[in-house]
Amino acid sequence: MAFNHRRGLNPYLSPYTILDCGDIPVSPLDNALALRQMSEAFLELGSRSPALAQGKNPKPKLLTLGGDHSVALPALRALNKIHGGPVAVLHFDAHLDTWNPVKYTSAWESAQSDYNHGSMFWIASNEGLILNGSSAHAGLRTRLTGQSWADYIDDDRQGFLRISSDDIDDMGTRGIIDAIIGRIGLETPTYLSIDIDVIDPGLCPGTGTPEPGGWTSRELIRIIRGLEDLNVVGADIVEVAPAYDGTGEQTALTAAQLGFEIVTNWVGRAMGRMESGTKSKTGNKEEL
């Protein structure tokens with residue numbers, strides 16, 4: 001049962017092939033090595049030619065399921081090489097994840113400790129991987145470090161629009177969708193990153209850094225559906241921790257539904273462009 005009624009298609013029975021690439025083997029003991037392993041794997045998979053070549057520079061689209069949010073950094077490094085430049089980031093999360101690693105209190109600092117699940121976008125921004133001024137956070141409700149607005153000032157420098165969790169009360173889901181599209185546009189290559197803790201822990205408890213006051217799963221799914229025309233070139237759904245999930249596995253179920261919506265968006269957007277006359281002459285399937 002995979003016919004998506006809101007888009008009017010079954011993504012698995014479309015002209016496009018959806019493949020499960022399995023797990024990327026990474027070291028659990030060495031962050032630097034794990035980062036290199038993931039970066040090389042993302043680059044290898046993302047550089048392959050799809051069977052159905054649509055557009056001027058067709059590339060497969062990778063949806064990563066995690067795990068630690070730091071997987072976004074190797075994905076962005078690979079996309080930078082694949083697309084020849086920075087991409088926008090659309091980041092759904094309770095937290096900024098643009099923190100300078102020195103903000104993490106520790107008496108011992110190391111290059112390896114800089115790579116963590118709250119600083120990967122800071123690293124990516126400083127490496128020139130993120131389009132400054134075309135990116136956005138959504139669902140924020142995090143506490144800040146220190147005694148000032150310094151975290152927001154640093155986030156501003158990295159070029160993110162901030163949409164808080166509270167904003168949905170005044171803007172509604174349609175307003176959130178419009179604000180994101182107004183910021184990013186429909187043609188800008190965009191990396192979509194969803195931390196499951198953007199949803200309230202009462203609905204999705206299976207995550208490592210829960211923050212009360214989040215969106216409902218219905219609200220987030222509605223927003224993702226409303227962003228179906230964005231030019232999303234890669235995506236992740238992360239920070240799902242089964243050990244903390246409820247007996248009904250509601251966090252995992254929500255993550256799975258979000259993945260289905262993302263894949264449906266990809267297929268629907270591509271098929272819409274086919275119908276507009278951009279279909280390739282080949283009759284094979286494109287890999288997603």
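The model is predicted, so to speak of local features pLDDT must be at least 70, side-chain atom pairs count only at pLDDT 80 or more, and totals for chains, interfaces and linings use all residues. Residues are numbered from 1 along each chain as its sequence is written, and side-chain values use heavy atoms, with hydrogens and water left out.

- Strand β4 (residues 135-140) has six of its six residues buried, where buried means under 20% relative accessible area, exposed over 50% and partly exposed in between (1.4 Å probe, protein chains only).
- Helices (H or I, at least four residues) and strands (E, at least two) are DSSP runs, numbered from the N terminus.
- Strand β3 (residues 88-92) pairs with β4 in the parallel sense over three bridges; pairing takes at least two DSSP bridges.
- H91 stands opposite H137 in β4.
- Five bridges join β4 and strand β5 (residues 160-164), again a parallel pairing, and L140 faces S164 in β5.

**Aromatic pairs**

- There are four aromatic pairs, counting Phe, Tyr and Trp (its six-membered ring) with ring centres within 6.5 Å; planes under 30 degrees apart are stacked, over 60 edge-to-face and the rest tilted.
- F121 and F160 are tilted because their planes meet at 50°, with centres 6.3 Å apart.
- This pair links helix α4 (residues 120-126) to strand β5, 39 residues apart.
- F121 is buried at 0% relative accessible area, and F160 is buried at 4%.
- W149 and Y152 are stacked, 5.9 Å centre to centre and 20° between planes.
- W149 is exposed at 59%, while Y152 is partly exposed at 23%.
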